[in-house]
Amino acid sequence: MKHLKGTIATMLDERKRLRSRTPLQLAIADRFSQLNVDQWRAVTAGQSLFYSAEYQRAFEQFRPANLEARYALICDGDAPLAAVCMQIARVDLTQVGNGKQAALQKFGSKVSQRVLVCGNLLVYGLHGVCFAPGADRELVWRAVTEVLYRVRRAEKLAGHTDMVLIKDLDDAAAAESRVLAGLSYGSVPTEPNMVLTLDPAWRTHDDYLNSLTSKYRGDIKNRVFKKFNESGATVELLTDIASHAETLQRLYLDVQSNATLRPFTLPSAYWPGLASLGAENVVVHVARQSDRILGFIVSLKDGDTAFAYHIGFDREAANAGVPIYLRLLHASLGQAIAFGCRRVSFGRTALEPKARLGCAPEPLYVWARHRHPFLNQLLQPLLRFIENEEPPEFTPFKSAKSESGAK
């Protein structure tokens, strides 16, 4: 018993130490322009596009109506150590289901929550905390929780912010942020991000196809390209995005409205706003049948990673047998090769067709915390029961498996 009491006392002392204020200085802002932009650039230079000052300014112009941005700089004196990107999301039951449940539509808006997210709901991956080179990661993560606490407390005037999420951490980030476990955060795996590693020898999409076993190459050529071409459809670049924003919006909503969970809905101004980041970073391909646009996909270059970012397509045409979705995935893959990237992030949905492309699952995790201590204690064990779909395994590449043994 004496040993148990000593262990508990040690744990409480450790939690008290972790909860103490960090010696770092915090600058928190409702708008990006309120921060020191030079310090922000000093931290984020050469890192993800989603941390850049240009993206933050654009996001404030085209953000979804239910998302509000918050920002922070973590400094040691005048030296910036980290930039923090946050979003406050207002969610309700109208964002659940396919929009056809009358009860949810009638009462859903009355059952709402405000969630504070460290990260960007519009993209997969860790885009919430950007570290300056050489920064003490454990110390900065402690400061991040202090930032989130201050933001949540300040938001009481607008309504309670019950849940705090830190998304999407890969294995390395999850390990280096383990100090959060001592600060009442619980970790849970989410569905993996499907990532295709690009061979440096590939210069064109044909090079990718030639790297596949005959079974997979033939399947793509016959089931995707041949059927698509026989429908009279073509794929081309869309350069005048602003004048086609409403068409893109309609196709986006055709897909988005069918999703089980819709944490946000992009506005039509989003498409030209995203394009304002430059053609070297954002490219849009469309599937066209004569003068009719059947679908589109946005490819975004983020350093060595390309994102098959947003997709929309005409469900009526897809249901009629035109493989719009799969053809657009290949268009984005080809664009990633043209970008000169090393990998393509295809996201979490439709795991099987992405696995057939050669994607491998990249584990991702979130840290979660509820403001109410009792509910937070219940949250931690409940997180362990969340199950995610496991992607199937395929071996489409010649180098991975001989043609005779291919699945």
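1. Which residues does Ala132 touch, not counting residues up to four places away in sequence? In this predicted model, Ala132 touches Val43, Pro80 and Leu81 once those neighbours in sequence are left out. Ala132 is found in the loop between strand S5 (129-131) and helix H5 (137-154), and, with a relative accessible area of 10%, Ala132 is buried, because buried means under 20% relative accessible area.

2. For the overall picture, a student may begin with the protein chain, which holds 14 helices and 13 strands. Of its 407 residues, 51% count as buried. When the contacts in the protein chain with a separation of 6 or more are considered, 75% of them are accounted for by residues 24 or more positions apart.

3. The next point concerns the nonpolar cores. The largest nonpolar core has 46 residues, and the members that touch the most other members are Leu122, Trp271, Phe296 and Tyr309. If residues up to four places away in sequence are not counted, Trp271 touches Ile241, Ala245, Leu248, Gln249, Tyr252, Leu266, Phe296, Val298 and His310. Apart from this core lies another one, of 42 residues, and Met194, Tyr208, Leu294 and Leu351 are among them.

4. A pair of helices deserves a careful look, namely helix H8 (residues 214-230) and helix H12 (residues 324-339), whose axes come within 9 Å and cross at roughly 105 degrees. H8 and H12 are therefore roughly perpendicular to each other, as angles of 65 to 115 degrees count as such. On the side of H8 the contact is made by Ile220, Arg223, Val224, Phe225 and Phe228, and on the side of H12 by Ile324, Leu326, Arg327 and His330. Sorted by class, the contact of H8 with H12 has 6 nonpolar, 1 polar and 2 charged residues.

5. Another pair is formed by helix H2 (residues 37-44) and helix H3, the latter covering residues 53-62. H2 and H3 pack at an angle of about 120 degrees, with their axes 10 Å apart, and that angle makes H2 oblique to H3. The contact is made by Val37, Trp40 and Arg41 of H2, together with Ala53, Glu54, Gln56 and Arg57 of H3. By class, the contact of H2 with H3 has 3 nonpolar, 1 polar and 3 charged residues.

6. Helix H3 is also the place of Glu60. Is this residue, Glu60, buried or exposed? At 17% relative accessibility, Glu60 counts as buried, because the cut-off for buried is under 20%. Leaving aside its neighbours within four places in sequence, Glu60 is in contact with Asp30, Arg31, Phe32 and Tyr71.

7. The last point turns to the strands. In strand S6 (residues 163-169), 5 of the 7 residues are buried, so S6 is largely enclosed by the rest of the structure. S6 pairs with strand S13 (residues 360-370) in the antiparallel sense, over 5 bridges, and within S13 the residue that stands opposite Leu165 is Ala368.

How values were computed
Residues are numbered from 1 along each chain as its sequence is written. This is a predicted model: local features need pLDDT of at least 70, side-chain atom pairs count only at pLDDT 80 or more; totals for chains, interfaces and linings use all residues. Side-chain values use heavy atoms; hydrogens and water are left out. Axes are lines fitted to C-alpha atoms, for helices over the stretch in contact, and angles run from 0 to 180 degrees between N-to-C directions. Helices (H or I, at least four residues) and strands (E, at least two) are DSSP runs, numbered from the N terminus. Angles under 35 degrees count as roughly parallel, over 145 as roughly antiparallel, 65 to 115 as roughly perpendicular and the rest as oblique. Contact means heavy atoms within 4.5 Å. Ala, Val, Leu, Ile, Met, Phe, Trp, Tyr, Cys and Pro count as nonpolar, Asp, Glu, Lys and Arg as charged, and the others, Gly among them, as polar. A nonpolar core is a set of buried Ala, Val, Leu, Ile, Met, Phe, Trp, Tyr and Cys residues joined through side-chain atoms within 4.5 Å. Buried means under 20% relative accessible area, exposed over 50%, partly exposed in between (1.4 Å probe, protein chains only). Two strands pair if DSSP finds at least two bridges between them.
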